[in-house]
Amino acid sequence: QVQLVESGGGLVQAGGSLRLSCAASGSIVSIKDMGWYRQAPGNQRELVAVITSGGSTNYADSVNGRFTIFRDNSKNTVYLQMNSLKADDTDVYYCNADVVAGPFWPSGPYWGQGTQVTVSS
């Protein structure tokens with residue numbers, strides 16, 4: 001069993017900040033890449049940011065310079081610091097972790113439950 005639990009979403013005015021958290025737990029040996037995605041109604045889920053096990057990061061052009069992804073490996077947790085938020089950032093945000101699981105459990109990508117971020121103008 002592997003579970004990812006997200007927190008930190010909410011309502012914020014344009015120009016404000018939020019920090020999302022995603023904690024993985026369960027039968028985990030190690031975690032490779034971790035990332036954040038977002039999805040608006042009627043749209044496909046799109047990549048926001050990803051961080052490798054070695055700490056390398058990549059960002060979507062739409063958030064580059066405003067968002068920062070980082071991780072705490074001792075807690076199996078990934079964060080997304082969102083600054084200078086815009087109305088277009090309004091979406092449901094999902095975390096993802098590429099998990100190497102323990103015996104009898106499947107390895108591969110796992111998803112958080114999603115957390116709503118709403119930016120008002």
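Author: Two strands pair if DSSP finds at least two bridges between them, and strands (E, at least two residues) as well as helices (H or I, at least four residues) are DSSP runs, numbered from the N terminus. This is a predicted model, in which local features need pLDDT of at least 70 and side-chain atom pairs count only at pLDDT 80 or more, while totals for chains, interfaces and linings use all residues. Residues are numbered from 1 along each chain as its sequence is written, and side-chain values use heavy atoms, with hydrogens and water left out.

Reader: How many strands does the chain have?

Author: Read along the sequence, the pattern is β-β-β-β-β-β-β-β-β-β-β. The chain has zero helices, and its number of strands is eleven.

Reader: Which residue stands opposite Thr 77 in E8?

Author: Strand E3, residues 18–26, pairs with E8 in the antiparallel sense over six bridges. Within this pairing, the residue that stands opposite Thr 77 in E8 is Ala 23.

Reader: Which residue stands opposite Val 78 in E8?

Author: Strand E7, residues 67–72, also pairs with E8 in the antiparallel sense, over six bridges. E7 and E8 form a hairpin with four residues between them, and Asn 76 in the turn has a positive phi of about 50°. Opposite Val 78 in E8 stands Arg 71.

Reader: How many of the residues of E8 are buried?

Author: Buried means under 20% relative accessible area, exposed over 50%, and partly exposed in between, with a 1.4 Å probe and protein chains only. In a regular strand the side chains alternate between the two faces of the sheet. In E8, Thr 77, Tyr 79 and Gln 81 point one way, Val 78, Leu 80 and Met 82 point the other way, and all are buried. Strand E8, residues 77–82, is therefore mostly covered, and the number of its six residues that are buried is six.

Reader: Is Pro 41 buried or exposed?

Author: Pro 41 is found in the loop between strand E4 (28–39) and strand E5 (46–51). Pro 41 has a relative accessible area of 83%, and because this lies over 50%, Pro 41 counts as exposed.

Reader: How far apart are Pro 41 and Ser 21 in space?

Author: In sequence, Pro 41 and Ser 21 are 20 residues apart. In space, taken from C-alpha to C-alpha, the distance between Pro 41 and Ser 21 is 22 Å.
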